[in-house]
Number of protein chains: 2
Amino acid sequence: MAQTVVMKFGGTSVGSTERINNVAKRVVAHRKKTGDDVVVVVSAMSGETDKLIELCRKVAGNSHNDREYGQLLSSGEQVTSALTAMAIQREGVKSLSLLAPQIGLKTKEIYGQQLIDSIDAAAIRNYLDQGMIPVVAGFQGVDESGGYTILGRGGSDATAVAVAAVLKANRCIIYTDVDGVYSAAPNICKRARKLQRLTYEEMLELASSGAKVLQARSVHLARKFQVPLEVASSFNDNQGTEIVEEYDGMEDAVVSGINCRTDEAKLTLRNMSDRPGVIARVFEGIGKLGINVDMIVQAQGAAGKTTMSFTVPEEEAQLAYEELVKFVNAEMPEGSVEIDRNIAKLSVVGEGMKAHAGVAAQMFEVLGREGINIDMISTSEIKISVAINQKYSELAVRALHEHFVENRAFGEDRGR
Amino acid sequence: MAQTVVMKFGGTSVGSTERINNVAKRVVAHRKKTGDDVVVVVSAMSGETDKLIELCRKVAGNSHNDREYGQLLSSGEQVTSALTAMAIQREGVKSLSLLAPQIGLKTKEIYGQQLIDSIDAAAIRNYLDQGMIPVVAGFQGVDESGGYTILGRGGSDATAVAVAAVLKANRCIIYTDVDGVYSAAPNICKRARKLQRLTYEEMLELASSGAKVLQARSVHLARKFQVPLEVASSFNDNQGTEIVEEYDGMEDAVVSGINCRTDEAKLTLRNMSDRPGVIARVFEGIGKLGINVDMIVQAQGAAGKTTMSFTVPEEEAQLAYEELVKFVNAEMPEGSVEIDRNIAKLSVVGEGMKAHAGVAAQMFEVLGREGINIDMISTSEIKISVAINQKYSELAVRALHEHFVENRAFGEDRGR
């Protein structure tokens, strides 16, 4: 019985006409070998979207109209989808490019972001039934008035997962310039290993802790619609990483990945009056500015005074800092505000943590042995994150990787 | 009473973000000054369409699928229409870009060319009624299945005229990099003068005789729907050239323009048997190859033999030559075929010729005085064309311009 597979190629994978021809060869070879129904989703050629953004900035300055921005940026994927369809035709297989309005890919704005609302699956299925390989332009949608919208960073992955969901596809493969998800960043940790399998939840925690290979958004979508995801290289045939709901032995290894991100800053409010509602008002102000808060730590001081620290994305740190200063001046003249841009957020992630206690203790011990102070801590069911001084980032990743992954702390290898 | 004006800007006029900002300023200034309802039509930035064609050639080789070619090439106008709408917004006027599917601009294929079949005028009018300046992407249409089509060379002019026609606009202004239609090419003839007014018919004859400023196609369309056309420069405020059905004094000057094109070649069939049906079979073969024949001359020779010459576009001359050789070999072994690539087609055009005889005689006299041989002749009601040796092109244009335009042969100046 023929399966349906969605194959998504990112900007680097379609970055030149030569690469587009390679994508076509790969897609056609897959179909010939497996007999699968194949749908392709493509991003814009690498650099093209940035070029369009620069044109926009030159014409419109720093503020632009959302509708026109969508009409402009969607042209990048229009170009690659048409070229890819031509390249597939040249390989002897019927193909056509499909733009958002041509498959009724409608979006809705939720809190300033365009989310996919519906896709006309029958339109795509119809072309598959005619023996074609449809090439869907990623990243783009249409609003209720028929104007183009764009899905934001990682949007083409979301397109691929959503197309796979409405087609009830058997697999959605995200081809990119790395060949899978690694236990740590290979450029930091030479002994990082590629993970064969991950759960959606692990992938989500890895994404939020700094793994760049997949955006949390498309993993959420894949989990919601139970789309089996796969990350693989578009430049070789190596086995990639599968991301699924669950798999045998998924708790065998406690830690699957170690990540570090250095793009957050820490804000600290000292000497706050410990009155009810004060913290709520602080975060209300930050929230109104559209700033996401990540880790939060509060410590009780002497005489009803308290100190609170939290992290925000570095690019929004200045704005948050100014908001806090305003707040302190207005409501809490005895308080003070500090900003620390030199933090790193270090995370260990693994399904196995659900079943094994003691990971945190070992993590602190390893870091302590290396002389690394822990500044803040946050945990989830399958993740422990700590804030440390940025200069120790690489050292910390390597030490934790050695302990948890290479030396298989907690016994067995993950067996995958 | 507010008028409706369609303003069309070609590739050079929107060739950079700076120029797009200038277009926006110009459009907004026009609206503020006149209170007109303004619709803008834009081409792709100059060079962009060629870049897309080159990408296509690299991916698809020399043959490409029409649908995908349309999906690909339409992206160029998508970019400029969005940027132009943004630039107009920045000038403080509401604007939006409109792509072919967004205004129901449908095309039909007639003999391999996409012609505009219908446009949803109400969709455009609706935005005008909201006080907006809509920016329509030129050159593009959609077929009955919703795929993009393209209108071919000069297609954006056709878009502008068709939009003006369905809106019953009072004027359609084609802004380009020259500031009007001249009595001869200014680079050949320094004393060429800009024409204030022309009839559709004169413009059509000028276009077919080599004036590049407007394609015959959009002039045909303008005449059919009686859209008053205007050609003007996008870089200055000089008065342009109006093209209308008729105007006062249009027959005062006999000759309005002198043109020369050197992109045709002459084929000659010598020593043909003068049997019925032979000529029909020759042109049937040429027609099947999709080659357009321009001038034709047949001369009776001795003993039932005849010689025939005709001109074709130079890029198709080799193909036509080979077809003739095949024909001669198969059916007329006594015949012979010659090709002459060094011809120029020289034309004088003017409404006034309808009323004045003797233009041909004067033309031949002027050319004879310069020692220029006439090889072929063809005439219409308002045009006389002759084929001459290419090396005399500039000399011939200057001599005829001096005689007919500068010295006002046939009396009165055109008074315009």
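**Exercise 1.** In this predicted model, find which residue of β20(B) is the bridge partner of B:Leu346.

*Solution.* Start with the strands: β18 (residues 343-349) and β20 (residues 383-389) of chain B pair in the antiparallel sense, over seven bridges. Now look across from B:Leu346, and you land on B:Val386 as its bridge partner in β20(B).

**Exercise 2.** Work out the strand order of the open sheet of four strands in chain B, and say which are its edge strands.

*Solution.* Reading across, the order is β13-β18-β20-β19 (chain B), and the pairing is antiparallel. Next, check the ends: β13 (257-261) and β19 (376-380) of chain B each pair on one side only, which is what marks them as the edge strands. As for the twist, it averages 20° from one strand to the next.

**Exercise 3.** Describe the side of chain A that touches chain B: how many residues does it hold, and which element gives the largest share?

*Solution.* Count up both sides of the contact: 30 residues come from chain A and 31 residues from chain B. On the chain A side, the elements giving two or more residues are α1 (17-34), α2 (48-60), α3 (66-90) and β3 (95-98) of chain A. Of these, α3(A) has the largest share, with 14 residues. Finally, sort that side by type: 14 nonpolar, twelve polar and four charged.

Methods:
Residues are numbered from 1 along each chain as its sequence is written. Chains are lettered from A and ligands numbered from 1 in the order in which they are written. This is a predicted model: local features need pLDDT of at least 70, side-chain atom pairs count only at pLDDT 80 or more; totals for chains, interfaces and linings use all residues. Two residues are in contact if their C-beta atoms, placed from the backbone, lie within 7 Å. Ala, Val, Leu, Ile, Met, Phe, Trp, Tyr, Cys and Pro count as nonpolar, Asp, Glu, Lys and Arg as charged, and the others, Gly among them, as polar. Two strands pair if DSSP finds at least two bridges between them. Axes are lines fitted to C-alpha atoms, for helices over the stretch in contact, and angles run from 0 to 180 degrees between N-to-C directions.
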